[in-house]
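This report describes a structure by way of its ligand site, its salt bridges and some local backbone features. Please read it with the sequence and coordinates at hand.

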Amino acid sequence: MNDRPAADGADDRPAADGRGVGEFVTAWATALHRAHYVPISAEQRHRIVTGLADRVVTAVLAGPGGPGEGRRIGADLVAAGFGSPEALGGTIAVLTSRLLGDLGVAADPTRTARLNDLLAELATGFTSAAHDHSLRAQDTVRLAALAARTQAEEALRVSEVRFRRFATHDQLTGLPNLTLLTEQLGRLSTAEAPTDRVGVCCLDVDDFAAVNDVLGYQVGDLLLREIAARLGALADGRFDLVARLDSDRFAILVRDTTCAGDVVKIADRALAVLAAPFRVNGTEVPLTVSAGVAEGTVADGGAARLMRAGEIALHWAKADGKATLRLFDQDRSNADAERYRLSAAMPAALRRGEFTAAYQPVTALRSGRLAGVEALARWRHPQLGLLSAARFIELAERTGLVVALGSQLLEQACRQASRWQRIQPGLYVSVNVSVRQLHRTGLAGEVAQILDRTGLPPHLLHLEITEQAVIDLTGVVTQTLAALMQLGVRIVIDDFGVGYANLANLRSLPLYGLKLDASLTRPSAQPARWPGARRPGTDDDFLGTVVSLGHRLGLVVTAEGIETAQQAHRLTAAGCDNGQGWHFGRPVPPDEITAGIVAQQHREAVPPGPELPVIPVQRR
Amino acid sequence: MERPEWAPADVDLSRPSVARAYDYWLGGSHNFEVDREFARQALAAVPDLRLVARANREFLHRAVRFMLDEGIRQFLDIGSGIPTVGNVHEIAQQVDPHSRVAYVDIDPVAVTHSTHILAGQPNAVALLEDLRHPEAILDHPEVRRLLDLDRPVGLLLVSVVHAVPDHDDPYGLIRRLWTALAPGSCVAISHVTTDSRPDEMGEGARLSGRTNTPVTARTRAQVEDFFTGLDLVEPGVVWSPLWRPESEADVGEHPERMSFYVGVGRRR
Ligand SMILES: C[S@@+](CC[C@H](N)C(=O)[O-])C[C@H]1O[C@@H](n2cnc3c(N)ncnc32)[C@H](O)[C@@H]1O
């Protein structure tokens, strides 16, 4: 087929040795490579260009193999990756300037015309392929952008869901957290919600800190998960929400309750499931839980109140000994609040001098004469009026304010007693000393200074301490008592006979006297009769024994709470030295004591009557 | 509470993307007018920027072929960009059809486009991750599924390290990446510099501030430091056309004008 002479006629073929085509291919491939980078090896490039060159040569020398061959060549160039304008430019340049020359054929009009036609077609095919190519690319990149958008939005939605879950759930246990609980409660208290009564059960593991300390927080975490799982399993349609509030605090929100009992039932069940033993790594960890329950309406802000009420009730459960549940009760809460307000008002009241002393007479039972007075703290509260010690002393003990209050009263009492010496020499004053005061070093020094300042002889100051205060004699207490005795101050045990007195202490302490508790003063309604006892002991037996115990130890015995003449006689008969109580006189302001002393001296100037004298008191 | 880290990146199509502008410089059409506008501004600053991009792309391919010759059959291509002709998996699978490639980029459009291209390709994936979080890449389940980190990996960091500013600790990041790879793994880095054309390339770097990934150009010594701890493969850190060229003719008269330092290091 290649037997015809070269460079002649319409069917010219390239030089038989093909060297001309080879040079043309190299030139074209180089032009393309320079114009446009396609990541193929030189060899691959050469192979592609050889294929294209063959078709070009055939088309120019023999006429187009078929319609559209030039276009196809252009399109194939693009398909091979050489789709840039530079690639087309380079191709046209090489084809026009080198093709015929490299083939060694004359540029006769036929060939030139064929070549021109071919170039026109090739350019058309090339550009339309390149155009299609870039339109396809535009489509894909647009679709990619669209997909990226959708994906980003979806990811955002997922992350929002996760974020919301993260914000509203506890990570350790997977339970809802306080945020979600508060949110739900809040939703319940908005007007649109149909629910009007709701219950809250707050739960707290008792002494959980100890578990963490002793067993490590990993064990603690395992326990918390187990607790969460048990509480979570309790939840059914009625329990709207079991939440972990923080560390070892959980809560159950109960919707649509009718009464507190509904929630108490659930709290009971919660305590029951948590009462089953916990095992961690094969060891049993004993745990108890306290619960506080509150139930009520949630309309307008009630939800927040309810939650607080649950927490308060939980606090009570803890204070009442743990491992139990308490139902919120408004009266108890009011009383708590009242005590809190009093306690908070005390420091300022002390600074403003609202605390004063009232004095109650102590009478020598045999002579009927006034032997001394007991100073009792009173609070002239600007709104509540005069408050007795029972209302505030315990609070002052708890806050520690009792120390400052005690010294203020001590000073007042000593100053007052010192004044009374002028009209009744030897009248003593008895002042209560709290456990806290006694545990402070420096009490003896302070007492000495007060005695100095007020001029009261030390033996006329009686300090009353409770049995409780001396039950456990630590170094400070013993030293203080010894120092006080050294000063000459007299120490009296108060409320004797009801506490757990350590009788051995009665011997070892430098005591002056005993003050019998009021319960010994009044005989019990029914004498105790114990089956099997040889002889039932009567109240009088008991009283007599205690009095003689005091006397045998060389102590002065005073009876408190004497309200009737009959009681006074009985205690006198039992051998009590002194008596105190409404029968002899109520706690009164100092002027009334003064008036009493004056009246007594007046009476003593005339012969005494048969009755035991009584200090007149004003009933208030 | 702060928004957690896994909040996804936004897709902002009003900002030019380096991935798409690079596609344009290479003659591609996977780009938008904002990208082309930026790309043309950069071309005004650096008239032969197309050649610069091409020289970088050519280095990528030579580096991949080098690694294939080294017996490496799995690749981690970070900052892979918009797929254009001659993607790493095409080149690798020509040599071994079982070669595996994980592409990583922070450009969401580049990644969805790659995913589209890779549909039906079991041995290649494209992931939306950030070079600045190496562990997220290394621990990515798809990366773990595809790549066996106990065998050598070709780590490709081509034209991406300069997108990490100094305050993100690029040296530490890259070290964290390759220390997770098996001995025999190779790391290819190409990096923009203003050493040879301070004015033109400096302007180009400045313009990149408009894109989602601004550029920090570095000196030769700074680029060499990225290979500390690795065995630098011959000829070391050089101008992009000078790294193991296929022919003398490919180098051109002024390789330094290509403004990329490139190199390959091998993990001992
Ligand atoms: C110029 S392209 C390089 C493409 C390809 N590696 C090459 O050299 O031919 C740079 C790519 O890096 C991506 N990139 C920039 N910062 C990145 C980061 N922190 N993590 C992952 N990819 C990043 C860009 O989105 C862009 O697609």
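How many nonpolar, polar and charged residues does the shell around the ligand have? The shell has nine nonpolar, six polar and six charged residues, where Ala, Val, Leu, Ile, Met, Phe, Trp, Tyr, Cys and Pro count as nonpolar, Asp, Glu, Lys and Arg as charged, and the others, Gly among them, as polar.

## Basis of the model

This is a predicted model, in which local features need pLDDT of at least 70 and side-chain atom pairs count only at pLDDT 80 or more, while totals for chains, interfaces and linings use all residues. Residues are numbered from 1 along each chain as its sequence is written, chains are lettered from A and ligands numbered from 1 in the order in which they are written, and side-chain values use heavy atoms, with hydrogens and water left out.

## The ligand site

There are 21 residues around the ligand, and B:Tyr22, B:Gly79, B:Asp105, B:Asp130 and B:Leu131 come nearest; a residue is near a molecule if one of its heavy atoms lies within 4 Å of it. The protein covers 98% of the 600 Å² of accessible area that the ligand has on its own, as computed by the Shrake-Rupley method with a 1.4 Å probe. Helix 1 (18–25) and helix 3 (49–69) of chain B are the elements that give two or more residues to this shell; helices (H or I, at least four residues) and strands (E, at least two) are DSSP runs, numbered from the N terminus.

A side chain also takes part, for an N or O atom in the side chain of B:Arg57 is 2.9 Å from an oxygen atom of the ligand.

## Salt bridges

A:Arg391 counts as partly exposed because its relative accessibility is 40%, and A:Glu338 is partly exposed with a relative accessible area of 25%. A:Arg415 and A:Glu411 form a salt bridge whose closest N and O atoms are 3.3 Å apart; both lie in helix 13 (residues 402–420) of chain A, four residues apart, about one turn of the helix. A:Arg415, at 33%, is partly exposed, whereas A:Glu411, at 17% relative accessibility, counts as buried.

## A buried aspartate

A:Asp206 lies in the loop between strand 1 (197–205) and helix 7 (208–215) of chain A and, because its relative accessibility is 4%, counts as buried. Its side chain makes a polar contact of 2.7 Å with the side chain of A:Thr288 and reaches the backbone nitrogen of A:Val289 at 3.5 Å. A polar contact is a pair of N or O atoms within 3.5 Å; within protein, one must be able to donate a hydrogen and the other to accept it, and residues adjacent in sequence count only if both atoms are side-chain atoms.

## Backbone features

The peptide bond from B:Glu234 to B:Pro235 is cis, with omega near 0°, and B:Pro235 is found in the loop between strand 6 (231–232) and strand 7 (238–239) of chain B. B:Ser159, a residue other than glycine, has a positive phi near 55°; B:Ser159 sits in the loop between strand 4 (154–158) and helix 8 (170–179) of chain B.

How values were computed:
Buried < 20%, exposed > 50% of the residue type's maximum accessible area, 1.4 Å probe, protein only. Salt bridge = Lys/Arg side-chain N within 4 Å of Asp/Glu carboxyl O.
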